[in-house]
Amino acid sequence: MPQYETIGFIGLGVMGEPICRNLVKKSGAGVIAFDLSPEPLARLSAEGATAADTVAEVIGNSEIVFLCLPGARHVRAVFEGDGILKNIRKGQVVVDLGTSSVNLTCDFARQLQAKGASWADAPIARTRQAAQDGTLSVMVGASPELFAAIEPLIRCFATDVTRCGGAGAGQVTKILNNMVLFQTVNALAEAVAVARRNGVDPALLLDTLSKGSADSFALRNHGMKAIVPGNFPERAFSTEYALKDLSYALELAADVGIKIRGAELIGKVLQEAIEAGSGGAYFPVIAKHIDKA
């Protein structure tokens, strides 16, 4: 394990708690964690982490800090005020595991660099089960030197770790991953609805498609495990979060003058589901609104 003896962790939600737990168990370092919710803090404290009362306390007592927050607004909240920028020290590293605005990511990286610290974007992909199992995929935007330093810690909770380029490149890659995923899930939802209305069992449909050229991770996970059984829980990757991530893809495309009509369409589908009351539900819930009785 690398040179870091103290690890900070901010954000113990659906993905953050199991990721932090893997760091506690596997890193060999001391872990100090913070979240606005006391329950995950209590659970992790019982397993060896130290609970912090503030973001500033985490920054002041760690050499490297992981963020696992819902979006750019939340990252900005811990960056500003009595947070990261005010309390960061020369040589410290901040690793953002969430999906966030590329422009914001690059701005944060520049501000930390000016203080002699480092920012790496390392958004995570795959499911909560993968976070628990330590088998996430992580897409990293960092210099080769910084990547080499943080990769061993990331491998405490990930099996696939890819350096995608410099600052912001990890976010670009993850945003496009999600853009493709959302459009694939929409196609699956439409296929299931059409199949059901034409007398073909949706489970049989997806099982058959999984044996051919339409097979995908989305089909086997989002299709078979969510769309077919109608399993759209709260506290999973919500429709609101999906629309947030899609907005980053639309922003990226607009910045370079590309019109991405498929992404624009799935944005409308997600917005319709939110307006119909499914904003907090697991985003494949779009299938329920496509296949209305």
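A residue is called buried here when its relative accessible area is under 20%, exposed when over 50%, and partly exposed in between (1.4 Å probe, protein chains only). The model is predicted, so local features need pLDDT of at least 70 and side-chain atom pairs count only at pLDDT 80 or more, whereas totals for chains, interfaces and linings use all residues. Residues are numbered from 1 along each chain as its sequence is written, and side-chain values use heavy atoms, with hydrogens and water left out.

Rings of Phe, Tyr and Trp (its six-membered ring) pair if their centres lie within 6.5 Å; planes under 30 degrees apart count as stacked, over 60 as edge-to-face and the rest as tilted. The count comes to 10 aromatic pairs by this rule. One of them joins phenylalanine 182 to phenylalanine 283 edge-to-face, at 5.1 Å centre to centre and 75° between the planes. Phenylalanine 182 lies in helix H9 (residues 169-197) and phenylalanine 283 in the loop between helix H13 (261-278) and helix H14 (286-290), so this pair links distant parts of the chain, 101 residues apart; helices (H or I, at least four residues) and strands (E, at least two) are DSSP runs, numbered from the N terminus. Phenylalanine 182 is buried, at 1% relative accessible area, and phenylalanine 283 is buried too, at 2%.

Phenylalanine 283 also pairs edge-to-face with phenylalanine 237, at 5.8 Å centre to centre and 85° between the planes. Phenylalanine 237 is partly exposed, with a relative accessible area of 28%. Ring pairs gather Phe182, Phe237, Tyr241, Tyr282 and Phe283 into a cluster.
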